[in-house]
Amino acid sequence: LQKNKTIQFIFAGSDDGSHHHKRCAANIIVRSTPQFAYFDSTVFRSSLLASWVQDVASGVLPSDNDSLAWFRKGLTEYLAARFYFDSVLTTHEQQQQERSMMMAKTLDFYSLPSSLELYAARTLEDRITQKLRYVFLMLEYVMSRDMFDSALRNCIKRANVPFSPYTFQQECEQVYGSSLGWFFQEWIAQTSFPEFLCTWQSSTSKRGETSVSVSVSQRGNIFTMPLDILFTFENKTIVKRVFVENQNQNFLFSFSTKPINAHLDPNYAALRWIPELRIRAHARTALLFLSINRDSSAAAQEALLTLQLDPDNVSGSNGLALYALGKISALKKDYAQAEEYFRTAANVLYIKEFSALALFSKVRLGNVLELEDKRSEALALYNEVLHEAHQNILDYADVEFDVQKYIRNKNEVNDSVWWEK
């Protein structure tokens, strides 16, 4: 892989080369499929053949302290994502879409401890490492890849030195040449995320020179971050990098012609809130309250807020909210209402990230039918879902795994179905 720098397939599953899938950690990976481009880096990291990535991470960040294992896992996620970006996502549009999906999977309104407090919240470790995956990508962006790689190599050389986030920060600062305390304080010790708003205006002088004023403001906690501004002209684009550190800042630029548009952080270099992700985050938070806290009241509040903020489902997130409300109704034994929610959830528009929930909603509808002693109707629905899942097994392998147990076993449905992730 290192010599050719390209890959066509990732193989995981049975050793005979068949197309059967197999559970790998929390994910399912399909063997012998040409659709690797759909793989998320988390799936790749969790595959049985990605142990070499974990070995590299362990060598860079050795630690025998279990409370720091999350930091090494975060680096593992980063290394897998970096390999994925460099070797699989060949276009700028693909990389941009992947970063947007990574942001969507990280941002929510569920109360998250700081990375340094993870030892007190083991159930949230996966969510912390997802955040750290993005944090390492941002640190590479801030330092430059060459400098970041130098810091990693230095960590490998001093493998016998006890590791901590602070010693890693020192290695980065030594290579970078100045303090990175602001970065580590914001992204390791804090739990919030920034939101940047950008406006711009231009004026042309009598000599034909164009001055462009860009205003960048922040909501919530103030973050320090270098950000790119992409100026689009009729026949070209120009990128300027600014250093944002205050609640409100103005930046002035001069060009020979007037730009058509100015876009802040076009490549999603910073893990930040954007409007469409806020609505999506409410829906994701509803499911988190169910699976982590078993708090149906808070989950219902977040789900209903999603529907209120986005009545026309512009964000493609309403299905998650309806799915959560269906679970909550089932927990209350209101099966008629649960049926209605799951039927609606199965037929709304989803963005690709959540597309499997349309089929999962049908499975849960079948679960409700079973609780109403309608086993034959439930079986018909299960088999319909199984057929649909087989049409795109890569995207719907989790659905297939889930529905098969209900086809095989009667009376498999219990309250854990409504609480589980």
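A crossing of two helices is left-handed if the near helix is turned anticlockwise from the far one by less than a right angle, and right-handed if clockwise. The model is predicted, with local features needing pLDDT of at least 70 and side-chain atom pairs pLDDT 80 or more, while totals for chains, interfaces and linings use all residues. Residues are numbered from 1 along each chain as its sequence is written, and side-chain values use heavy atoms, without hydrogens and water.

**View 1. Helices H10 and H11 cross in the left-handed sense.** Helices (H or I, at least four residues) and strands (E, at least two) are DSSP runs numbered from the N terminus. The axes of H10 (residues 296–309) and H11 (residues 318–331) come within 9 Å and cross at roughly 145 degrees; axes are lines fitted to C-alpha atoms, for helices over the stretch in contact, with angles from 0 to 180 degrees between N-to-C directions. Contact (heavy atoms within 4.5 Å) involves residues including Ala303 and Leu307 of H10 and Leu325 and Ile328 of H11.

**View 2. Helix H13 meets helix H15.** The axes of H13 (residues 356–371) and H15 (residues 393–408) come within 9 Å and cross at roughly 10 degrees, so H13 is roughly parallel to H15 (angles under 35 degrees). Among the residues that meet are Phe360 and Arg364 in H13 and Asp398 and Tyr406 in H15.

**View 3. Strand E4 pairs with strands E3 and E7.** Pairing requires at least two DSSP bridges between two strands. E3 (residues 195–204) and E4 (residues 210–219) are antiparallel over 10 bridges, with Cys198 opposite Val216. E4 and E7 (residues 248–255) are antiparallel over 8 bridges, and Ser211 has Ser254 as its bridge partner.

Methods
Angles under 35 degrees count as roughly parallel, over 145 as roughly antiparallel, 65 to 115 as roughly perpendicular and the rest as oblique.
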